[in-house]
Amino acid sequence: MLSCKSLLSQTINRKKRKNKSKSKSKNKNTTSVSKKQESPHRDYEEEDGEEGFNLKNSAAPSHTHGVQPLGNLYFNPGSINSRNTGLGNLQTLTDELVLDILGLLGGTHLGVLATVSKSFYVFTNHEPLWRNLVLENLNGGFLYNGSWKSTYVAACYPSFDVSSVGVSGLRVRDFYSDYLFQSWLCANLEMKPEWLERDNIIRRKDISVEDFVLNFEELNKPVLLEGCLDNWVALENWDRDYLLQLCGDVRFSVGPVEMKLEEYFRYSDQVREERPLYLFDPKFAEKVPKLGLEYKVPVYFREDLFGVLGKERPDYRWIIIGPAGSGSSFHIDPNSTSAWNAVIKGSKKWVLFPPDVIPPGVHPSPDGAEVACPVSIIEWFMNFYGATKNWKKKPIECICKAGEVIFVPSGWWHLVINLEESIAITQNYVSRRNLLNVLDFLKRPNANTLVSGTRDRVNLHDKFKNAIETSFPGTIDQLVQKAEEKKAQQKQSFWDSVTDSKAASHIFRRINRLDVVSWTSMIAGYNKCGDVQSARQLFDRMPEKNLVTWSIMISGYARNNHFEKAIELFQVLQSEGVRANETVMVSVISSCAHLGALELGERVHDYVVRNNITVNLILGTALVDLYARCGSIEKSIQVFEELPERDVLSWTTLIAGLAMHGYAKRAVEYFSEMVKTGLTPRDITFTAVLSACSHGGMLERGFKIFESMKRDYGLQPRLEHYGCMVDLLGRAGKLAEAEKFVHEMPVKPNAPVWGALLGACRIHRNAEIGERVGKILIQLRPEHSGYYVLLSNIYARANKWENVVTMRQMMKEKGVKKPPGYSLIEIDGKIHNFTIGDKTHPEIKKIEGMWDEILRKIRLAGYSGNTADALFDIDEEEKESALYRHSEKLAIAFGIMKTKARSPIRIVKNLRVCEDCHTATKLISEVFERELIVRDRNRFHHFKGGACSCMDFW
C-alpha cells in the first residue's frame with residue numbers, strides 16, 4: 001500500500017517550497033498560511049529527489065480532511081490513529097467495510113453520524129458515498145456544485161445555503177488510512193511522464209483495405225491509422241459551443257444517469273475525483289441525427305455483418321466525452337467483436353494486452369462474465385504499470401490524438417484514459433475475419449450473462465446465424481472449412497511433437513534461442529510426466545521467470561502430491577516479491593488442504609485477502625475445501641456463506657465436508673437448500689450427500705435420495721453410489737440385506753463396494769459374512785493390503801489365530817506389504833511427520849516420556865491396550881508394545897507437549913484409525929480436556945469428552 005516516504009514526500013515538498021516562494025515574491029510581510037489552510041500533508045519532510053509524483057494544479061477542491069497514509073503513523077511513534085478511537089468497537093472493520101455499511105444510509109443519517117466523532121466525520125464525508133446518493137436518487141436531475149455532498153444537499157434542500165458544504169475547513173489530526181488516502185491521491189495525481197513514453201504501436205497512413213485485412217485484421221493485431229478522418233465534418237465542427245447549440249436539451253447517458261450537455265460540462269469543469277464520469281451514449285445518433293451524419297465509418301471497417309439484424313442488432317456505436325483522467329479500466333469489447341476508436345478532440349493514452357495475456361492486477365472470473373481490477377486507472381498505473389517493463393510480451397501502447405483511429409482487435413484487453421478533455425466516436429463491428437468467434441461467443445452456456453447491448457441475449461445467436469445464412473448463403477460453411485484447413489496446417493505443439501520427456505529434453509537443448517515460453521513449456525511437460533525433480537532443476541536454472549512459470553511449477557508439485565514442496569515454493573515466490581494470482585493460490589490452498597495444515601492454510605487465506613486477489617468460484621471452492629479438510633468445518637461453512645456466487649461444485653464441496661465430519665443432518669439440509677435454488681445436483685453431489693447419510697445412519701432418508709437420482713434427475717447410479725448404500729445398510733447392522741443388495745446390483749460390484757460391507761462386518765463382528773466377503777476382495781485386489789488387514793482383524797476377534805497366520809502367509813507369498821502408517825501434526829506452521837515406532841524426531845525422548853505420562857493417566861481411567869487389532873498371534877506384551885508406538889499416539893503426545901492446555905489438536909493420518917488408538921484417543925480427550933480432531937483415510941473423528949463423532953463406526 002501507500003507509504004509517505006516512498007510516494008509523495010519529494011513532490012509535495014517541492015510544491016510547498018515553490019508555493020512559499022511565490023507567496024514571498026508577492027508580499028514579503030505576509031505570514032505563512034493559517035492552520036485552516038495548511039496542507040493535510042504537512043508531515044512530509046524530505047530532500048528533493050529525481051523521481052516523484054506531480055499533483056494536479058486545479059481550482060477544484062480537494063476533500064481530504066487531513067487524511068494521511070498509514071505509513072506516516074510509523075514515523076510518528078507517539079501518535080494514536082484517531083481513525084480507530086473515533087470508530088469505537090467498529091475500528092476492527094476495514095475502511096472498505098465501514099464505507100460499505102455507511103453506503104446503506106441516506107444523506108440525513110450520514111449528516112447526523114458526522115457529528116458523532118472526528119473519525120465518523122471523515123468517513124461520512126467520503127465523496128464516493130455522496131456520489132452514489134446523487135446518482136441513485138436524483139436520476140440526473142441535479143447540477144453539480146463543486147462536490148457531490150453539496151450537490152446532494154442543494155438538490156434535496158434548495159433553501160439551504162451550500163456555499164460552505166463543498167470545502168470544509170476541518171482537518172482531523174492523526175487520521176491514518178491507506179484506503180481513504182489512496183482515493184484522494186488517485187484523484188489528484190497527474191500522469192507521470194514515464195507512463196506516457198512508451199509508444200510501440202504500429203502506425204499506418206493511406207494503406208489499402210487489403211493491406212489492413214492481411215497484416216492486421218487477419219492477424220488480430222492493433223494498428224493506429226492516420227489520415228482516414230480528413231473528410232469528417234465532426235473533426236472541424238465538434239467543440240463545446242457547437243455541441244451545446246446542436247444538442248440543446250437532449251439528455252445523454254452519463255454512467256447510470258442521463259444529463260444535458262450543459263449539465264455534464266458543468267460537472268466535468270469542477271470535478272476532481274478518482275473515477276470521473278464520462279458521457280458514453282449508444283443512442284446519440286437517434287437522439288441527434290445530425291451527429292450521425294457528420295462522421296463516416298472508415299473504409300477499413302465497413303463490413304459489419306451485425307448489420308443484417310437491422311434494429312435488432314446489439315448496441316454498437318457510442319459518442320464518448322470526458323475530462324482529463326476519465327476513461328475505462330481494462331476490459332474486452334462486448335460480444336467478441338472488434339472495434340475502432342476515433343479521436344475528434346483531445347488525446348487518449350491506450351494500453352493493450354493480447355487475449356492470452358491477462359494484464360497485471362486484472363482478475364476475470366472463470367466464465368468471463370465479470371472482471372475485477374483496480375478502482376481507478378491511476379491506481380493501476382501506480383501499482384502495476386512498472387511490472388510490465390520487464391515482460392517479454394510487453395503491452396501495446398500509444399497516445400491517440402485528434403484525427404487518429406485505433407483498431408482494437410477481438411479479445412484484446414485495453415485501458416484508455418483521457419489526457420485532456422476529449423471527444424471520440426467508437427464502434428464495434430463483425431467482419432468475416434471474426435464472425436466464427438462471435439458466433440461461438442453468442443452460443444456459450446452463459447451467454448445470457450455475457451452478451452450485452454441487447455434485450456434478447458439468449459436468442460441472439462440463432463437470429464444472427466439465420467440472418468447471415470439468409471443474406472450470405474454458404475459463408476459460414478466456407479469460413480468453418482477454411483479454419484479447419486488452417487488448423488490442420490499448423491505445426492504440432494512442442495510436447496505433441498515428442499513421445500517422452502527424454503526426447504523433449506534433447507530437442508530443448510538444441511534450441512538456439514530459448515525464451516520464457518520455451519522454458520515454461522519444458523517445465524510443464526516434465527510435470528505432466530510426473531518428473532517434478534527435473535522440472536524443478538530446470539525451473540531453478542531459468543534466467544528469467546514470469547508468473548505463469550511459477551504457477552506451473554507450484555501446480556506441478558500439487559498435482560504430483562508433493563504438497564510440502566508446493567508450499568515451500570510459494571514461500572520462495574513471496575520472498576522474491578512476486579505477486580501470486582488465483583491459479584497459484586488454488587494450488588497452494590489445495591496443498592494445505594491435503595496436508596491438513598490449518599495454520600498454513602489460514603496464512604495463505606490471509607495472503608489472498610491482503611493482496612485483494614479475487615475469490616472467484618474456483619478459489620472460493622478451494623477455500624471451502626481447505627477448512628473442511630483441515631478440521632475447521634465451521635470456518636468452511638462461513639467461507640461458503642460469504643461466496644459472492646455458488647455453483648454445484650461449491651455446494652458439493654461443502655456437503656462432502658460436512659459428511660466427512662459426520663454432520664449428516666446439516667449436509668442433507670444444505671443439499672435440500674441447493675435444490676431449492678434451482679441448481680441440478682450432479683453425480684458427485686449425490687455421492688457426497690449419500691456419504692453423509694451413511695455417516696449419520698440416516699437409512700430411510702438415504703434411500704429416498706438414492707431413488708430420486710434416477711426418478712427426478714435422470715442420473716444412473718454409479719458404483720460409488722451403490723457403495724454408499726452398502727455402507728448405510730452395514731452401519732445399521734443390516735449385513736444380510738447389504739450382502740443381498742450387492743448381489744442384486746445391476747452393475748458388477750467393485751472392490752470398494754465389497755470393502756464397505758467388509759468394514760461393517762468388522763464393526764459388528766460378523767465373521768461368517770466377513771469371511772465370504774474377504775475372500776472375494778482378496779481375489780479382486782490381491783495386492784491391496786487393507787483387505788488382508790480387515791479380514792485378519794475379524795479372525796483375531798474370533799480367536800481364529802490359524803486363519804490369521806494364513807493371512808500373514810498369503811501376504812508374504814504374494815509380496816503384499818502394508819503401507820507404512822504415518823500421522824501429520826502442524827505446530828507453529830511446521831508439519832511434523834510421525835511413523836510407527838518413529839525414532840527420528842529430534843525430540844523423540846521427550847515425546848516417549850510424554851506418552852508414558854499419558855498412558856499412566858488413561859490407564860487410571862480404565863484403558864487397557866486392545867491387542868485384538870494386532871495382526872498376528874504374538875505375545876500379548878509384544879502386541880501392547882507395538883500398539884503404543886502407533887504414529888497417531890506419538891503425534892498426540894507431541895501435540896500435548898507443544899500446545900496450550902485445552903487447545904484443540906489436529907492430526908492427519910494416511911490409514912484408517914485402529915480400534916486401540918480410537919479407544920485411547922477418546923480417553924485422552926476426556927482426561928486431558930482436549931478436543932482431538934483426527935482425519936483418517938475415510939473421515940474425520942472429533943474426539944471430545946470421551947466420545948467420538950463417528951459414534952464408534954468407521
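A nonpolar core, as used here, is a set of buried Ala, Val, Leu, Ile, Met, Phe, Trp, Tyr and Cys residues joined through side-chain atoms within 4.5 Å. Buried means under 20% relative accessible area, exposed means over 50%, and partly exposed is in between (1.4 Å probe, protein chains only).

## Ground rules

This is a predicted model, so local features need pLDDT of at least 70 and side-chain atom pairs count only at pLDDT 80 or more, while totals for chains, interfaces and linings use all residues. Residues are numbered from 1 along each chain as its sequence is written, and side-chain values use heavy atoms, with hydrogens and water left out.

Start with the largest nonpolar core, which has 97 residues; Phe570, Met585 and Leu757 touch the most other members. Helix H37 (residues 751-763) supplies the largest share of this core, eight residues. Helices (H or I, at least four residues) and strands (E, at least two) are DSSP runs, numbered from the N terminus.

What is Met585 in contact with, leaving aside its neighbours within four places in sequence? The list runs Phe570, Ala580, Val604, Tyr607, Val608, Ile613 and Leu619, with contact meaning heavy atoms within 4.5 Å. There's also a second, separate core of 88 residues, and Cys186, Phe353, Phe381 and Ile417 are among its members.

## A helix pair

Helix H23 (residues 516-528) and helix H25 (residues 547-559) have axes that come within 9 Å and cross at roughly 10°. Axes here are lines fitted to C-alpha atoms, for helices over the stretch in contact, and angles run from 0 to 180 degrees between N-to-C directions. H23 and H25 are therefore roughly parallel to each other; angles under 35 degrees count as roughly parallel, over 145 as roughly antiparallel, 65 to 115 as roughly perpendicular and the rest as oblique.

On the H23 side, Val516, Thr520, Ile523, Ala524 and Asn527 do the meeting, and their counterparts in H25 are Val548, Thr549, Ile552, Met553 and Gly556.

Strand S15 (residues 422-429) is mostly covered, with eight of its eight residues buried. That goes for both faces: Ser422, Ala424, Thr426 and Asn428 sit on one side, Ile423, Ile425, Gln427 and Tyr429 on the other, and all are buried.

Strands of a sheet pair through backbone hydrogen bonds, either parallel or antiparallel. For the assignments here, two strands pair if DSSP finds at least two bridges between them. S15 pairs with strand S6 (residues 317-322) in the antiparallel sense over six bridges, and Ile321 has Ile423 as its bridge partner in S15. Strand S8 (residues 338-345) also runs antiparallel to S15, joined by seven bridges, with Ser338 opposite Tyr429.

## Two open sheets

S7 is joined to strand S14 (residues 413-418) by three bridges, and His331 has His414 as its bridge partner in S14.

The other has six strands, ordered S17-S16-S18-S19-S20-S21, and its pairing is mixed. Strand S17 (830-835) and strand S21 (947-948) form the edges. Strand S19 (residues 932-935) pairs with strand S20 (residues 940-944) in the antiparallel sense over four bridges, and Leu932 stands opposite Phe943 in S20.

## Salt bridges

How many salt bridges does the structure hold? The count is 46, where a salt bridge is a side-chain nitrogen of Lys or Arg within 4 Å of a carboxyl oxygen of Asp or Glu. One of them joins Arg198 and Glu397 (2.6 Å, N to O). That pair links distant parts of the chain, 199 residues apart: Arg198 is in the loop between helix H10 (193-197) and strand S1 (203-205), and Glu397 is in strand S12 (residues 396-401). Both Arg198 and Glu397 are buried.

Asp356 and Lys393 also meet in a salt bridge (2.7 Å, N to O). Asp356 lies in the loop between strand S9 (347-353) and strand S10 (363-364) and Lys393 in the loop between helix H17 (377-383) and S12, so this pair ties together parts 37 residues apart in sequence. Asp356 counts as exposed because its relative accessibility is 55%, whereas Lys393, at 43%, counts as partly exposed. Elsewhere, Asp199, Arg203, Glu226 and Glu404 are linked in a network of salt bridges.
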